[in-house]
Amino acid sequence: MLNNYGYACINMQLAYPNKYGIKSDHRIISNRSMIKKTYLEKGINYASELALKNCKDLFKIIKWNKNNHFNFFRISSDIFPWCSEYKLTDLPDYKEIELILNTIGKYVLKNNLRITAHPGPFNVLTSPKEDVVKKCVHDLSIHGDTFDLMNLSRTPYNKINIHIGGAYGDKKSAMKRFCENFNLLPHSVKDRLTIENDDRESLYSVKELYEGVYQTIGIPIVFDYHHHKFCNGNLSEEDALKLACKTWGIIKPVVHYSESKSTEYKDSSIKPQAHSDYIYNHINTYGHKLDIMIEAKHKELAVLKYLNIHRMAI
């Protein structure tokens with residue numbers, strides 16, 4: 001198969017085994033967290049306990065992926081609960097966590113798996129507020145540290161992908177701030193960072209990201225098919241994909257794909273940008289070799305259904 005199909009963060013069958021006819025007393029998840037009140041009460045010791053469980057389960061998920069021919073996976077950004085409040089090395093279980101992540105990395109390398117991450121929307125490097133940028137740098141650095149502990153390549157092959165953030169009424173100035181704040185990041189992040197197009201006209205199309213960010217700091221653009229429908233920059237889907245792929249150099253590009261939940265359920269009250277549970281239409285790669293991250297809500301089940309619909313093998 002020219003293209004790999006991946007899914008993000010949660011394995012539905014492992015996370016909800018009884019729902020899918022799998023007899024198990026234990027859920028396998030890597031995003032255990034807690035509310036702020038609990039963190040304030042239980043502190044870093046409990047955060048460390050949850051993080052250790054998350055890392056152990058991450059290895060189980062990755063092994064499941066290999067055994068079921070999923071070679072492309074996005075890890076959860078919630079492995080370390082309340083990581084805005086500490087450094088990884090502060091965790092009481094850090095040494096064991098370090099060992100597990102290193103072991104995962106060896107397994108990933110041995111089995112030629114591609115691992116990526118997509119930190120949350122609060123990571124806003126375009127922000128004019130210093131404290132917002134500082135928190136963003138910290139969160140992205142945690143992702144960089146995690147990938148370093150797994151010995152993943154410091155290249156966009158193991159991408160850490162974000163949206164660039166708000167426009168604040170002036171896209172050019174905001175993109176300029178993004179490029180300046182990019183230099184605040186450690187190399188563990190800078191060397192892996194990618195950006196993606198948005199799903200609102202008030203934000204950023206592939207063309208705008210190409211001209212305002214890529215041409216300045218040279219980081220790759222992840223093409224999101226679904227977002228392009230709402231913010232196309234006057235480019236066709238084919239031309240936008242081609243432009244994004246151009247930014248990846250020798251590294252195989254990653255794209256994101258989902259469809260509208262509103263269309264899926266024939267319900268106009270659902271926001272059209274909302275991601276579908278499954279995907280149905282054939283994904284047109286226009287001849288490009290891609291790693292396709294399926295962002296449908298039913299995760300690996302959505303990938304398997306898509307491949308079944310189109311009579312493809314994973």
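Which residues form one aromatic cluster? Tyr7, Trp64, Phe70 and Phe73 do so, where rings of Phe, Tyr and Trp (its six-membered ring) are taken to pair if their centres lie within 6.5 Å. The structure described here is a predicted model, in which local features need pLDDT of at least 70 and side-chain atom pairs count only at pLDDT 80 or more, whereas totals for chains, interfaces and linings use all residues. Residues are numbered from 1 along each chain as its sequence is written, and side-chain values use heavy atoms, with hydrogens and water left out.

The protein chain contains eleven helices and eight strands, these being DSSP runs numbered from the N terminus (helices H or I, at least four residues; strands E, at least two). The radius of gyration is 19 Å, close to the 20 Å that the globule rule gives for 314 residues, so the chain is as compact as a globular protein of that length; the radius is taken over C-alpha atoms, and the rule is 2.2 Å times the number of residues to the power 0.38. Along the principal axes, the C-alpha atoms fill a box of roughly 50 × 50 × 40 Å.

Of the 314 residues, 54% count as buried, a class defined by under 20% relative accessible area, with exposed meaning over 50% and partly exposed in between (1.4 Å probe, protein chains only). When contacts (heavy atoms within 4.5 Å) between residues at least 6 apart in sequence are considered, 75% join residues at least 24 apart. The accessible surface of the chain, by the Shrake-Rupley method with a 1.4 Å probe, comes to about 15,000 Å², of which 51% belongs to carbon and sulfur atoms. The chain carries 43 positive and 35 negative charges, whose mean positions are 4 Å apart; Lys and Arg count as positive and Asp and Glu as negative, while His and the chain ends are not counted, and each charge is placed at NZ of Lys, CZ of Arg, CG of Asp or CD of Glu.

The structure holds nine aromatic pairs. The rings of Phe223 and Tyr225 have their centres 4.9 Å apart and their planes at 65°, so this pair is edge-to-face, the classes being stacked for planes under 30 degrees apart, edge-to-face for over 60 and tilted for the rest. Both Phe223 and Tyr225 are buried. Tyr225 also forms an edge-to-face pair with Tyr257, at 5.3 Å centre to centre and 70° between the planes. This second pair links distant parts of the chain, since Tyr225 belongs to helix α8 (residues 225–228) and Tyr257 to strand β7 (residues 254–257), 32 residues apart. Tyr257, like Tyr225, is buried.

In helix α7 (residues 206–217), Val206, Leu209, Tyr210, Gly212 and Val213 are buried, and their cover includes α5 (171–182), β5 (193–196), β6 (221–224) and α9 (237–246). Helix α7 is followed by Gly218, which has a positive phi near 75°. In α9, the buried residues Ala240, Leu241, Leu243, Ala244 and Cys245 belong to a set that packs against α7, β6, α8 and β7.

Arg114, found in strand β3 (residues 114–116), is buried, with a relative accessible area of 1%. Beyond its neighbours within four places in sequence, Arg114 is in contact with residues including Phe72, Phe73, Tyr157, Trp248 and Asp291. Asp139, by comparison, is 25 residues from Arg114 in sequence and 21 Å away in space, C-alpha to C-alpha.

The loop between α10 (261–264) and β8 (291–294) holds Tyr286 as well as Pro272. Pro272 is partly exposed, at 40% relative accessibility, and, not counting residues up to four places away in sequence, touches His226, Phe230, Ser260 and Ser262. The C-alpha atoms of Pro272 and Ser260 are separated by 5.5 Å, although these residues are twelve apart along the chain.

Most residues other than glycine have a negative phi.
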